[in-house]
Amino acid sequence: MNIAIVTGGSSGIGRSAAVQLATRGSGVILTYNGNPDGARETVAEIEALGGTAVALPLDVGRSETFPAFRETVVRTLADTWQADTFTALVNNAGISGMSRFEDASEELFDELNRVLFKGPYFLTQAMLPLLRDGGAIVNITSNSTSSGMEPGYSVYASMKGGVAVLTRYLAKELSVRGIRVNAVSPGPTRTRLGDDGFAKHPEIIAPLAARTALGRVGEADGIGRVIAFLLSDEAEWITAQEIEVSGGYNL
Ligand SMILES: NC(=O)c1ccc[n+]([C@@H]2O[C@H](COP(=O)([O-])OP(=O)(O)OC[C@H]3O[C@@H](n4cnc5c(N)ncnc54)[C@H](OP(=O)(O)O)[C@@H]3O)[C@@H](O)[C@H]2O)c1
C-alpha cells in the first residue's frame with residue numbers, strides 16, 4: 001500500500017496533491033498549521049472518493065517539534081494502515097513574503113528560512129527512517145528562482161533556490177536506497193498563498209495571465225497532478241529534476 005505525507009494539505013497545491021494521490025490509490029497523511037477546517041475539508045474530499053486520509057497538525061517552522069511529529073506519524077501509520085513505513089513525502093507547506101532587498105529585515109529572512117528551507121530540510125531528515133526504500137520525495141520550489149524573477153522576492157526565492165539545490169543533493173545521497181527526489185516549481189497559481197492574495201486582489205490575475213504563454217494563471221490541480229505523477233511508478237526513471245509547471249510564464 002502506498003502512503004504519502006503531504007505538508008500543507010489544508011489548501012491549494014497541497015490539498016490538490018493529497019486528492020490526486022488518493023485518486024491513484026494512495027493513503028494520505030496531510031498536515032495543516034492554522035487552518036484545521038481546510039484540513040478537514042481535504043480529508044472529507046478524499047473520503048468521498050473512497051480513499052483514506054488523516055490530518056495532523058504541524059508547524060514546519062518549528063523543527064524542535066519534528067521528533068514528536070514523527071512519533072505521531074508512527075502511531076498513525078500503525079493505527080490506520082497497519083504499516084510501519086510510508087512511501088512518499090511532499091514538502092509543500094509554505095508562505096510568501098515580499099520585501100525589496102534594501103528593506104528586507106532579519107525577521108522576514110529568519111521566518112522564510114524556518115518555514116521554506118530549514119523546515120523541509122530537517123523534516124525530511126526526521127522522516128527519512130520511516131520512508132520506505134524505493135520511495136520518492138517531491139519538494140515544492142517556485143519559478144521565482146528562474147523565469148518568475150520579480151523585484152521583492154530576493155528572500156523568498158533564495159530559500160526556494162536552496163530547496164532546489166537540496167533536491168539534487170538528496171537525489172544523490174538517497175539514491176543508494178532507491179529513493180527518487182524531484183522538485184516541482186509552480187508559476188503563479190490561484191491558491192490562498194500570500195494571505196489569500198488572489199481572492200483579495202483579483203486585479204493581479206489579468207497581468208499575470210498576460211505574461212503566461214498559455215494565457216491564464218495556474219490552478220492547484222495543474223500542479224497537484226504533476227506532483228502525483230512524479231511520485232508514481234510512471235516516473236520511476238526521473239530523479240534530481242526541478243520541473244517548472246507554469247504554463248510558460250515569461251516564455
Ligand atoms: N500559489 C503560487 O503562486 C505558488 C507559486 C510558486 C510556489 N508556490 C509554493 O507552493 C506551496 C503551496 O502553497 P499554495 O500556493 O498552495 O498556498 P496556500 O493555499 O496558502 O497553502 C499553503 C499551505 O502551507 C501550509 N503552511 C503555511 N505555513 C505553514 C507552517 N508554518 N507550517 C506548516 N504548514 C504551513 C498552510 O497550512 P494552514 O493554512 O493550515 O496554515 C497551507 O496548507 C508553497 O511552498 C508555495 O511557496 C506557490
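Asn139 has Ala183 as its bridge partner in strand β6. This link belongs to a set of 5 bridges that join β5 to strand β6 (residues 180-186), and the two strands run parallel. Two strands pair if DSSP finds at least two bridges between them.

Before we walk on, please keep in mind that this is a predicted model, in which local features need pLDDT of at least 70 and side-chain atom pairs count only at pLDDT 80 or more, while totals for chains, interfaces and linings use all residues. Residues are numbered from 1 along each chain as its sequence is written.

Let's stay with β5 for a moment. Altogether β4 and β5 pair in the parallel sense over 5 bridges. How does the chain get from one of these strands to the other? β4, helix α4 (residues 106-127) and β5 make a right-handed β-α-β unit. Right-handed means that, with the strands pointing away from the viewer, the path from the first strand over the helix to the second runs clockwise.

Now follow Ala88 in the other direction. Ala88 of β4 is also the bridge partner of Ala4, and strand β1 (residues 3-6) pairs with β4 in the parallel sense over 3 bridges.

How enclosed are these strands? A residue is called buried if 20 or more other C-beta atoms lie within 10 Å of its own, exposed if 12 or fewer, and partly exposed in between, with C-beta atoms placed from the backbone. In strand β4 (residues 86-91), 6 of the 6 residues are buried, so β4 is largely enclosed by the rest of the structure. For β5, 7 of the 10 residues are buried, so this strand too is largely enclosed by the rest of the structure.

Another part of the fold uses strands β2 and β3. Strand β2 (residues 27-32) and strand β3 (residues 53-57) run parallel and are joined by 5 bridges; in β3, Val54 is the bridge partner of Ile29. Here β2, helix α2 (residues 36-48) and β3 make a right-handed β-α-β unit.

Next, look at the inside. The largest nonpolar core has 59 residues, and Ala4, Ala18, Val28 and Ile227 are those with the most contacts inside it. Such a core is a set of buried Ala, Val, Leu, Ile, Met, Phe, Trp, Tyr and Cys residues joined through C-beta atoms within 7 Å. Which residues does Val28 contact? Leaving aside neighbours within four places in sequence, Val28 is in contact (C-beta atoms, placed from the backbone, within 7 Å) with Ala4, Val6, Ala18, Leu21, Ala22, Ile46 and Ala53.

The model also holds a ligand. Around the ligand are 30 residues, the closest being Gly8, Gly12, Asn33, Asn35 and Gly94; a residue counts as near if its C-beta atom, placed from the backbone, lies within 6 Å. Helix α1 (residues 12-23) gives the most to this shell, with 3 residues. By type, the shell divides into 11 nonpolar, 17 polar and 2 charged residues. In this scheme Ala, Val, Leu, Ile, Met, Phe, Trp, Tyr, Cys and Pro count as nonpolar, Asp, Glu, Lys and Arg as charged, and the others, Gly among them, as polar.

Two single residues deserve a visit. Tyr153 lies in the loop between β5 (131-140) and α5 (154-174). Why is Tyr153 classed as buried? Tyr153 is buried because 21 other C-beta atoms lie within 10 Å. Not counting residues up to four places away in sequence, Tyr153 touches Met98 and Ser144. Gly161 lies in helix α5 and is partly exposed, with 17 other C-beta atoms within 10 Å. Gly161 and Ser142 are 19 residues apart in sequence, and their C-alpha atoms are 8.1 Å apart in space.

Finally, a word on backbone angles. Most residues other than glycine have a negative phi. Ala240 has a positive phi, near 70 degrees; this residue is found in the loop between α8 (220-231) and β9 (242-245). Asn250, in the segment after β9, has a positive phi of about 60 degrees although it is not a glycine. Ala240 is partly exposed, with 15 other C-beta atoms within 10 Å, and Asn250 is partly exposed, with 14.

Terms used:
Helices (H or I, at least four residues) and strands (E, at least two) are DSSP runs, numbered from the N terminus. Two residues are in contact if their C-beta atoms, placed from the backbone, lie within 7 Å.
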